[in-house]
Structures are given as structure tokens and as C-alpha cells.
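This note is meant for a colleague who is meeting the structure for the first time. Please read the numbered points alongside the sequence and the model.

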Amino acid sequence: MNPYEEYMKEIATPMREELTRQNFEDLTTSESVENFMKDIKDEETAFVVVNSTCGCAAGLARPAAVTVADQNPIKPVKKATVFAGQDKDATERMREYIGQVPSSPSMALFKGEDLVHFIPREHIEGRDIEDIMADIKDSFDENCS
């Protein structure tokens, strides 16, 4: 590992832990993404956060995701995260499942393997955290049982 990669890994560790402490499964390889997606039953829901080191991830995306995933009475069955720029194969594979223009940070809600809601970076950056949390809550309320 070169010094840049080592530095970025060190910087990303607390950002990664912000989600894993809240029981988001950390998907670091394309195989772990495959296994996660295959384990979602047809009517189960899974919430995936595409994490990043940018300011809107730190100040908006991660706090909104963990708050709603923890506090909303209606929740997805599974939660996971991939880290853009860190776990490149895992992120690329998850983006294939998401099927949208690559965006980080971003959030996706799946029912089975079907994407039912997607929040791209442009719907995170520059918005109030309360509005982002409302978007996540609404998607959980509508799609999770």
C-alpha cells in the first residue's frame, strides 16, 4: 500500500465506523456485495449507503442515514455500506445493482434485488439534514413492513 492509500484508509476508518457502529454491514469486496444482495429475500428491504470522505457525507448523509435507520419505527431488514474511493470493487458492484449514475455519497433502498428508492448526491449536498431524513423516512414508511 502506498502512502496515499495508507493515509486515506486511516482518514476513512472513523467515517466507516460511523455506520458500522450502527450495525451497517461493511461490504468491502465485490463478493461481499454479491452475498449481501443474494441474501435479501423477495419482500425484505435493504438500505445501502454509498459512503465517501466528502463534507456532505460527514455533515449530512451519514448522520441522516444512521438517525432514521435507528429511530424510525419502520425499518429495513438489512443495512449495508460500501465506501467509494476505498473499496472500489465493492462500490462498482453495488453501483451495478443500483443502476443509477454513480454518485457518492448516495443511499439506496432495495426490496429484494429491486431498487425502490435512490437518493443521489445532488439530493444530499446543500440540503437541510431534516429534509434528507424526511426523504429516507418516507421511503422506509412506504417500502418497509
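1. Strands β4 (residues 106-111) and β5 (residues 114-119) form an antiparallel pair over 5 bridges. Strands here are DSSP runs of E with at least two residues, helices are runs of H or I with at least four residues, and both are numbered from the N terminus; two strands pair if DSSP finds at least two bridges between them. Phe110 has Leu115 of β5 as its bridge partner, and Ala108 has Phe118. The hairpin leaves 2 residues between the strands, and Gly112 takes a positive phi near 65° there.

2. The model is predicted: local features need pLDDT of at least 70 and side-chain atom pairs count only at pLDDT 80 or more, while totals for chains, interfaces and linings use all residues. Residues are numbered from 1 along each chain as its sequence is written, and side-chain values use heavy atoms, with hydrogens and water left out.

3. The sheet is open and has 5 strands in the order β1-β3-β2-β4-β5, with mixed pairing. Its edge strands are β1 (25-26) and β5, each of which pairs on one side only. Helix α3 (residues 55-71) packs on the sheet and touches β2, β3 and β4, where contact means heavy atoms within 4.5 Å. The direction of α3 makes about 165° with that of β2; axes are lines fitted to C-alpha atoms, for helices over the stretch in contact, and angles run from 0 to 180 degrees between N-to-C directions. Helix α2 lies across β1, β2, β3 and β4, running at about 160° to β3.

4. Helix α4 (residues 88-98) has the buried residues Ala90, Thr91, Arg93, Met94, Tyr97 and Ile98 (buried means under 20% relative accessible area, exposed over 50%, partly exposed in between, with a 1.4 Å probe and protein chains only). These residues lie on the same side of α4, because they cover an arc of only 165° around the axis, taken from the directions from the helix axis to the C-beta atoms. They pack against α2 (30-38), β2, β3 (78-83), β4 and β5. The face turned away from this buried side carries the exposed residues Lys88, Asp89 and Glu92. Gly99, with a positive phi near 70°, follows α4.

5. The structure holds 2 aromatic pairs. The ring centres of Phe47 and Phe140 are 5.0 Å apart and their planes stand at 85°, so this pair is edge-to-face. Rings of Phe, Tyr and Trp (its six-membered ring) pair if their centres lie within 6.5 Å; planes under 30 degrees apart count as stacked, over 60 as edge-to-face and the rest as tilted. Because Phe47 lies in β2 (residues 45-51) and Phe140 in helix α5 (residues 129-143), the pair ties together parts 93 residues apart in sequence. Both Phe47 and Phe140 are buried.
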